[in-house]
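User: Can you walk me through this model? I'd like to hear about its pockets and its sheet.

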Amino acid sequence: MPVDVLVGCHWGDEGKGRYVDLLSERANIVTRFQGGPNAGHTLVVDGEQTILHMVPSGVLRPNVTNVLGNGVVFSPSQFAEEVSMLAKKGIYLTPNNMKVSDRAHIILQSWIDEDLKGSHEKIGTTGKGIGPTYLHKFRRDGIRVGDLFGRFENKPDGISKAREELSGLLKLLEPFVCDTVSYLNRSLDAGLYVVGEGAQGAGLDVDHGTYPNCTSSSPTAGGFCTGTGIGPKRIRDVYGVVKAYTTRVGEGTFPTELSDEVATFLATRGGEVGATTGRDRRCGWLDLDLTRKAYMINSVTKGCLTKLDVLSGLNEIKVFVHGNYVSFPGWSEDITGVREFGDLPENAQEYVRNIEGVLGVPFAYVSVGAERSAIISR
Ligand code: GDP
Ligand code: IMO
Ligand code: MG
């Protein structure tokens, strides 16, 4: 069976988690491939919200094995927190349904401190130690999950100190540690269906994003291959998640950013508060130049539009294409209950069709509410 990869096409928070949850209905395995607890992925099922930072978004489906791939930077304490948060909901993580790559790099407290001292202010990082951990990985003096348990021949400097720092968590962690590269490839050979869960978004990619205001990993489809050890020819579809407007948390360029009453309208109706840091998200019109680039570098084959419902009530809706604004008439109806594309107000249909036209790839799904079922499948 194939692999589908799902990625964000803006600066994160497009609504990736809820689409991974959707694809998980049929998936056998969901794997994160980059980033770490800087992510905040929200799932809402029957009104109950679950926010995941470390554990993949397939976790609400009993049929899914969740994997943290080798490209992830791993926070043992955040993982432990989510294990108990999920247990309170009656979801138990075991070595059968949850695996952590032995090659994933560990976020140590000193690297969180480094992040908070350094780029937290300047870049507006999430302060989770992401940059310093990747820095140590690439400087080749990081600590991998497998190092904690003597899985590799070489003993890195600082391993005793790391084991000491994490001593309270080692017992919890050890059963989950896995050679995920072999596991994932074996599973594919056996015919299982794997979904790759991107964190962040194309605009935050360290190569393709708005450097230096970006994250320290590759949240794009290419990052999936290095971050899981699954070769590119196994990828079938790349799902690109696009919000019906654009948001950004932290510093950096944002050409379509608004500061007027429309910004307040989007922020309020869209609940645009960061799922990881609680910071207000900056809001603006849909930036299709950013989105087009995301489609290009990811070779997106299936679009997923989110938060169309948030736009209900605007007289005029703008999108940014080729450096200019194009204007569309809005609609006033509440569309959260709509499940057929043809039942959307004509202006909403027009808006979606025009975006598709610019992007050149149809939207396979349009979501009209945070709830799992609030999805129009086309
Ligand atoms: P992610 O990081 O890409 O997974 O997205 P986040 O979870 O950080 O942010 C998306 C927010 O929008 C969450 O609060 C979701 O519950 C919510 N959401 C997702 N899709 C929709 C939608 O179609 N309509 C509305 N109103 N909210 C949505
Ligand atoms: P999800 O997966 C939105 C942003 C931070 C900051 C920059 C660098 O929920 O979409 P980092 O801590 O990664 O070094 O911060 O990237 N950022 C995100 N913004 N959603 C995210 O994840 C983000 N992860 C990082 O705000 O500007
Ligand atoms: Mg998020």
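Analyst: A pocket here is, on a 1 Å grid over the protein atoms alone, an open set of points where a 1.4 Å probe fits, with protein on both sides within 12 Å along at least five of seven lines; lining residues have an atom within 4 Å of a point. Grid points are joined across faces, edges and corners, and a volume is the space filled by probe spheres set on the points. This is a predicted model: local features need pLDDT of at least 70, side-chain atom pairs count only at pLDDT 80 or more, and totals for chains, interfaces and linings use all residues. Residues are numbered from 1 along each chain as its sequence is written, chains are lettered from A and ligands numbered from 1 in the order written, and side-chain values use heavy atoms, with hydrogens and water left out.

User: What volume does the second largest pocket have?

Analyst: Its lining has 26 residues, with Thr42, Gly270, Arg281, Lys307 and Ala370 nearest the centre. The volume comes to about 540 Å³.

User: Which element gives the largest share of the lining of the largest pocket?

Analyst: That pocket holds about 920 Å³. Helices (DSSP runs of H or I, at least four residues, numbered from the N terminus) giving two or more residues are α4, α5 and α10. With 7 residues, the top contributor is α5.

User: In β10, which residue is the bridge partner of arginine 32?

Analyst: Strands (E runs of at least two residues) pair if DSSP finds at least two bridges between them. β2 and β10 run parallel over 4 bridges. The partner of arginine 32 is glutamate 197.
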